[in-house]
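Here's a quick walk through one protein chain, written for someone who likes to see the numbers next to the model. Have the viewer open as you read.

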Amino acid sequence: MAAPGENLQIDGARLWDSLMEMAKIGPGVAGGNNRQTLTDADAEGRALFRDWCEAAGLTMGLDRMGNMFARREGTDPDALPVYMGSHLDTQPTGGKYDGVLGVLGALEVMRSLNDLRIRTRHPIVAVNFTNEEGTRFAPAMLSSGVFAGVHDEDWAYARKDARGLTFGDELKRIGWQGDEETGARKMHAFFELHIEQGPILEAEGKDIGVVTHGQGLSWMQLTITGREAHTGSTPMPMRRDAGLGMARVLDLVNEIALSHAPDAVGAAGQIDVYPNSRNVIPGRAVFTVDFRSPDINVIADMERRLDEGARRICAAMGLEVEMEKVGGFDPVAFDEGCVAAVRAAADRLGLSHRNLVSGAGHDACWINRVAPAAMIMTPCKNGLSHNEAEEISESWATAGANVLFHAVVETAQIVEEDA
């Protein structure tokens, strides 16, 4: 399998210009983007991506979930394509790079292959997956999940946003529902370029994160019930304070996650306290504990200890507690061959790198179920993401796209370079 020479690189300035041009669509209020899935802004961003792909001589395919596939032909019509990409949708207050870098980095690989007049045995396909963020239509990674057989298409079509609009109706409304059967495509391999969304690479001065695993996730919703009472006239020993019970459980969550450091994490980000009045002791607290680890046995241990500990805490305080698992997925081990291709590409280009475990879910996590997959990560400033202040440098974007270029082209197998 021939590897591209280290002198073969993408056009970093052109990639950066593309990122800035896409960022003009669905601008946020503080320098980022609000290009939520299946909005008019999403449709406009898709059209720009399509136009760029067609200008590069690529053939665009579209499946029933709105996933976009831009294909560059290989020399062997029977060879399975090498795929690369991510997503163009953003959070309501999202940045300019989360997901977008992976899609436009894939386009830049295609453009650079054209510039360098490189042909590959395997076709190469750039993909934009619909609704990775899951902000408007839950869950996240919805369309890659349908592609991988994790979700049923009809179930996905029926997902509703806060206004009661369905995914299927909105996909049709913006004009991006295709006829191609979702998941019918077969892949030789899949590579996803993404910003880290964490602080490790920048803090350690590393150019590239070689993602070996994706963390598994467990969402446990707890409902603690006590008794509402007046905060001023109820003696302390006679209170059944659901808010205090929640606080003690959250301290336990932190203790459990720390016991599995450094890779495990845990917190509660969604919390509701009732009646949420200044002078009423909370009678009920509902919150979701988010546990993550690359080891499924660790996740099971954290769930068990939360169950036992929360019941013990609440029993001692005269509180009732109910627990329900409301979401989750198993840890992901990315394909060793694809991971090795990413690591070899970084070495060939003289870029510093380290292994990473992705703390967030990505389309590659679902695609890994149906094809060999790996991820490449770039640093992001202060580890900030899902925020309009999300920022990367042009040099970081260029380095990541160059690693993507080398890993993909090596996997797709160069057959000739025209003079």
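## The annotated site

First things first: this is a predicted model. An unreviewed UniProt entry lists His87, Asp98 and His194 under "binding site". Those positions are spread over 108 residues of sequence, yet they cluster in space, with a largest C-alpha distance of 9.8 Å. Asp98, from this set, also belongs to the lining of the largest cavity.

Take histidine 87 to begin with. You'll find histidine 87 in the loop between strand 3 (82–86) and helix 3 (100–116). Is histidine 87 buried or exposed? Histidine 87 counts as buried, because its relative accessibility is 0%.

## Histidine 194 and its partner

Histidine 194 sits in strand 6 (residues 189–195). Histidine 194 is buried too, with a relative accessible area of 1%. With residues up to four places away in sequence again left out, histidine 194 touches a set that includes Ser86, His87, Asp98, Leu101, His362 and Met375.

Which side chain makes a polar contact with that of histidine 194? The partner is aspartate 98, and the polar contact between the two side chains is 2.9 Å.

## Cis prolines

Next, the backbone. Alanine 138 and proline 139 are joined by a cis peptide bond, with omega at about 5°. Proline 139 is in the loop between strand 5 (124–128) and helix 4 (142–147).

There's also a cis bond running from alanine 261 to proline 262, where omega is near 10°. Proline 262 falls in the loop between helix 8 (242–258) and strand 10 (265–274).

## Positive phi without glycine

Arginine 117 isn't a glycine, but its phi is positive at about 55°. The residue occupies the loop between helix 3 and strand 4 (118–120). Arginine 117 is partly exposed, with a relative accessible area of 45%.

Asparagine 382 is another non-glycine with a positive phi, here about 60°. Look for asparagine 382 in the loop between strand 16 (373–378) and helix 12 (394–412). Asparagine 382 counts as exposed, because its relative accessibility is 67% and the cut-off for exposed is over 50%.

## Helix 12

How far does helix 12 reach from its first C-alpha to its last? With 19 residues, helix 12 reaches 26 Å, close to the 27 Å expected at 1.5 Å a residue. The helix is mostly covered, as 17 of its 19 residues are buried.

## Aromatic pairs

Now for the rings. A pair of aromatic rings is described by the distance of the centres and the angle of the planes. The count here comes to eight aromatic pairs. One of them is tryptophan 16 with tyrosine 97, a stacked pair at 5.7 Å centre to centre and 25° between the planes. This pair links distant parts of the chain: tryptophan 16 is in helix 1 (residues 12–22), while tyrosine 97 is in the loop between strand 3 and helix 3, 81 residues apart. Both tryptophan 16 and tyrosine 97 are buried.

Tyrosine 157 and phenylalanine 167 form a stacked pair as well, at 6.5 Å centre to centre with 20° between the planes. Tyrosine 157 belongs to helix 5 (residues 153–157) and phenylalanine 167 to helix 6 (residues 167–173), so the pair ties together parts that are 10 residues apart in sequence. Tyrosine 157 counts as buried at 13% relative accessibility, and phenylalanine 167 is buried with a relative accessible area of 0%.

## An aromatic cluster

Which residues form one aromatic cluster? They are Phe69, Tyr83, Phe129, Phe147 and Phe190.

Terms used
Residues numbered from 1 in each chain as written. Predicted model: local features only at pLDDT ≥ 70, side-chain atom pairs only at ≥ 80, totals over all residues. Heavy atoms only, no water. UniProt positions renumbered as here; feature names shortened; annotations may be inferred. 1 Å grid on protein atoms, 1.4 Å probe; cavity = no way out; pocket = protein on both sides within 12 Å on 5 of 7 lines; lining within 4 Å. Helix = DSSP H or I, 4+ residues; strand = E, 2+ residues; numbered from the N terminus. Buried < 20%, exposed > 50% of the residue type's maximum accessible area, 1.4 Å probe, protein only. Contact = heavy atoms within 4.5 Å. Polar contact = N/O pair within 3.5 Å; in protein donor to acceptor, adjacent residues only side chain to side chain. Expected span 1.5 Å × (residues − 1). Phe/Tyr/Trp six-rings, centres within 6.5 Å; stacked < 30°, edge-to-face > 60°.
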